[in-house]
Amino acid sequence: MFEHGIPFALNSRVRRLVAPNPGMMTGPGTNTYLLGNEQVAVLDPGPAIPEHIDAILAAGGDRIRWIVCTHTHPDHSPAWLAVAEATGAEVIGALAEDDRFQDKTFRPTVLLEHNWVLQTPEFTLRGLHTPGHVSNHYCFLLEEEGMLFAGDHIMNGSTVVIVPPGGDMKAYIESLELLLDYPLRTIAPGHGDVIQQPREEVAGLVAHRLARERKVVSGLAGLGQTGLDALVRVVYDDVDPARHEWAKLSLAAHLIKLEKDGRARHFVTDDSWEAVASGG
């Protein structure tokens with residue numbers, strides 16, 4: 001199912017190719033999706049690994065008309081250039097406001113807006129602006145199948161790292177809640193297998209983030225003014241300490257959200273934080 005370079009049919013409209021970049025943050029590898037048969041859209045072309053690019057071109061050939069990117073992290077978009085040069089395909093995506101961890105080569109020919117639609121004789125693909133993981137993140141709904149291509153907004157088997165400043169925890173939670181307004185039947189994530197109960201998955205992710213936020217508030221109350229190194233050990237005590245450096249990124253995003261909500265205070269001089277009493 002996750003054999004690199006071999007197209008796997010998810011339904012009559014969608015095939016999945018898994019890039020050969022497995023790892024702690026990418027799972028089996030980045031999922032590239034090929035939509036359509038007569039005219040093909042490549043969704044998330046993935047990293048610029050020659051054998052992956054060759055697999056995309058072998059699977060789509062001269063039928064590739066569009067390249068669509070959920071966002072421009074280096075494991076999702078860089079292969080766009082080679083595929084576009086080989087096929088002349090339109091490149092569709094959004095640019096990030098910040099340039100941390102971004103594919104700086106990315107140059108879309110079509111800039112996305114919320115509710116953008118690609119209509120073809122075979123399928124309808126709707127772009128949904130879902131900032132949070134990063135500011136230029138879009139999910140895409142394949143309307144005929146009710147299949148949501150979630151990029152890094154939702155992963156199968158793990159939670160998403162939110163990296164400030166481009167990552168925004170408040171925006172992330174709001175973007176998750178936005179998805180509940182759409183008729184989802186399955187979620188095709190950027191990493192991992194298809195998720196079959198999308199509404200339960202989305203609701204569970206919102207609940208998980210809010211529960212983690214409560215642990216941040218509790219941790220601040222217990223520790224007093226503190227830094228991320230001490231706080232992460234309390235808030236992420238259920239996470240392997242080997243992952244705490246990554247967890248600190250999401251912890252910082254939670255703290256920034258709490259600061260915006262008037263529930264935490266940041267001391268820039270020593271990069272420490274403290275709780276703000278309700279009404280204080």
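# A guided look at the strands and the pocket

Visitor: In which sense do strand 3 and strand 4 pair?
Guide: Three bridges link strand 3 with strand 4, and two strands count as paired if DSSP finds at least two bridges between them. Helices (H or I, at least four residues) and strands (E, at least two) are DSSP runs, numbered from the N terminus. The sense in which strand 3 and strand 4 pair is antiparallel.

Visitor: Before we go on, what kind of model is this?
Guide: Residues are numbered from 1 along each chain as its sequence is written, and side-chain values use heavy atoms, leaving out hydrogens and water. Local features need pLDDT of at least 70, side-chain atom pairs count only at pLDDT 80 or more, and totals for chains, interfaces and linings use all residues, as the model is predicted.

Visitor: How many residues lie between strand 3 and strand 4 in their hairpin?
Guide: Look at the turn, where glycine 36 has a positive phi of about 90 degrees. On the strands themselves, leucine 34 stands opposite valine 42, and tyrosine 33 has leucine 43 as its bridge partner. The number of residues between the two strands of the hairpin is four.

Visitor: Is strand 3 largely enclosed or largely open, and how many of its residues are buried?
Guide: Asn31, Tyr33 and Leu35 lie on one side of strand 3, Thr32 and Leu34 on the other, and both faces are covered. Buried means under 20% relative accessible area, exposed over 50%, and partly exposed in between (1.4 Å probe, protein chains only). Strand 3 is largely enclosed by the rest of the structure, because its buried residues number five of five.

Visitor: On strand 4, which residues point the other way from Val40 and Val42?
Guide: Strand 4 covers residues 40–43, and its residues point in two directions. The four named residues are all buried. Opposite to Val40 and Val42 point Ala41 and Leu43.

Visitor: Which residue of strand 3 is the bridge partner of valine 14?
Guide: Strand 2 (residues 14–18) runs antiparallel to strand 3 (residues 31–35), with five bridges between them. Along this pair, arginine 16 stands opposite tyrosine 33. The bridge partner of valine 14 is leucine 35.

Visitor: And which residue of strand 5 is the bridge partner of valine 40?
Guide: Here the pairing is parallel: four bridges join strand 4 to strand 5 (residues 64–68). On strand 5, valine 40 has as its bridge partner isoleucine 64.

Visitor: Which strands stand at the edges of the sheet that has seven strands?
Guide: This is an open sheet with mixed pairing, in the order 1-2-3-4-5-6-7.

Visitor: What is the relative accessible area of glutamine 197?
Guide: You can find glutamine 197 in the loop between strand 12 and helix 4. Its C-alpha atom is separated by 7.1 Å from that of arginine 185, 12 residues apart along the chain. Glutamine 197 is exposed, with a relative accessible area of 52%.

Visitor: Which helix gives the largest share of the lining of the largest pocket?
Guide: A pocket is an open set of points on a 1 Å grid over the protein atoms alone, where a 1.4 Å probe fits, with protein on both sides within 12 Å along at least five of seven lines; lining residues have an atom within 4 Å of a point. Of the 38 lining residues here, Met25, Thr159, Val160, Val161 and Trp246 lie nearest the centre. The elements giving two or more residues to the lining are helix 4 (198–223) and helix 6 (244–260). The largest share, four residues, comes from helix 6.

Visitor: Lastly, what share of the protein's residues count as buried?
Guide: Overall, the protein has six helices and 14 strands. Its C-alpha atoms fill a box of roughly 60 × 35 × 35 Å along the principal axes. Of its 280 residues, the share that count as buried is 52%.
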